[in-house]
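The entries follow in the order I made them.

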Amino acid sequence: MSTSSECAPKEGSSAPLPLIESGDSARADMLLELSELVRKPPMSDAIQAKLLLVAALREAPENKAVRMALATVLVEDLDEYERAEDVLRDGLEQDPDDADYAFQLAQLLQEHASTSDTEEAQQWYQVALASDPTNAEACFNLGLLIENDAIADSSDADALLLKARGLYEDALR
């Protein structure tokens, strides 16, 4: 069991340990690092990771790494899809053209939402591709959504899938 004296500076050290002020981006970064540690084995505590990330997001709402990590924990570890969707939509409110937020939201809508959200997923993949035309995964996923859409022209899907193939091949070179 840890006591506060174990956290105090060592005897003979004149400098106190620096405190991280609330609202400081360094505090948010520290909480992000802690969340990554508690999420991994041996702790594997996704709930604690979520709490740390929520606190980090309060400290620095503009911190993209924190927001993306929180969305990941919510989806991959806790199956809190609606909450993850809110986190990503909040990020898009801050930066409507962000390719990463748009891609993650599109992927979430494609994989975990009702079939009525595939049209919105397509729109977010298009936003992601407009911001990052080399995003092979967004191109591929959009091509698959269009391919599976009975109304859409299959030539659009074919063109996207061929582009995705080329992007994947380029990435492997």
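Is Q110 buried, partly exposed or exposed? I get 25% relative accessibility, so Q110 counts as partly exposed (buried is under 20% relative accessible area, exposed over 50%, partly exposed in between; 1.4 Å probe, protein chains only).

For the record, this is a predicted model, where local features need pLDDT of at least 70, side-chain atom pairs count only at pLDDT 80 or more, and totals for chains, interfaces and linings use all residues. Residues are numbered from 1 along each chain as its sequence is written, and side-chain values use heavy atoms, with hydrogens and water left out.

I placed Q110 in helix α6, residues 99-112 (helices are DSSP runs of H or I, at least four residues, numbered from the N terminus).

I then listed the contacts of Q110 (heavy atoms within 4.5 Å). Leaving aside neighbours within four places in sequence, they are A121, Y125, N141 and L145. For L145, I noted a C-alpha to C-alpha distance of 8.1 Å from Q110, at 35 residues apart in sequence.

With Y125, the Q110 side chain makes a side-chain polar contact of 2.5 Å (N or O atoms within 3.5 Å, one able to donate a hydrogen and the other to accept it; residues adjacent in sequence count only if both atoms are side-chain atoms).

I searched the whole structure for aromatic pairs and found one (Phe, Tyr or Trp six-membered ring centres within 6.5 Å; planes under 30 degrees apart are stacked, over 60 edge-to-face, the rest tilted). The pair is F103 and Y125, tilted, with 5.8 Å between centres and 55° between planes. F103 is in helix α6 and Y125 in helix α7 (residues 118-131), so the pair ties together parts 22 residues apart in sequence. I logged both F103 and Y125 as buried.

Terms used. Helix = DSSP H or I, 4+ residues; strand = E, 2+ residues; numbered from the N terminus.
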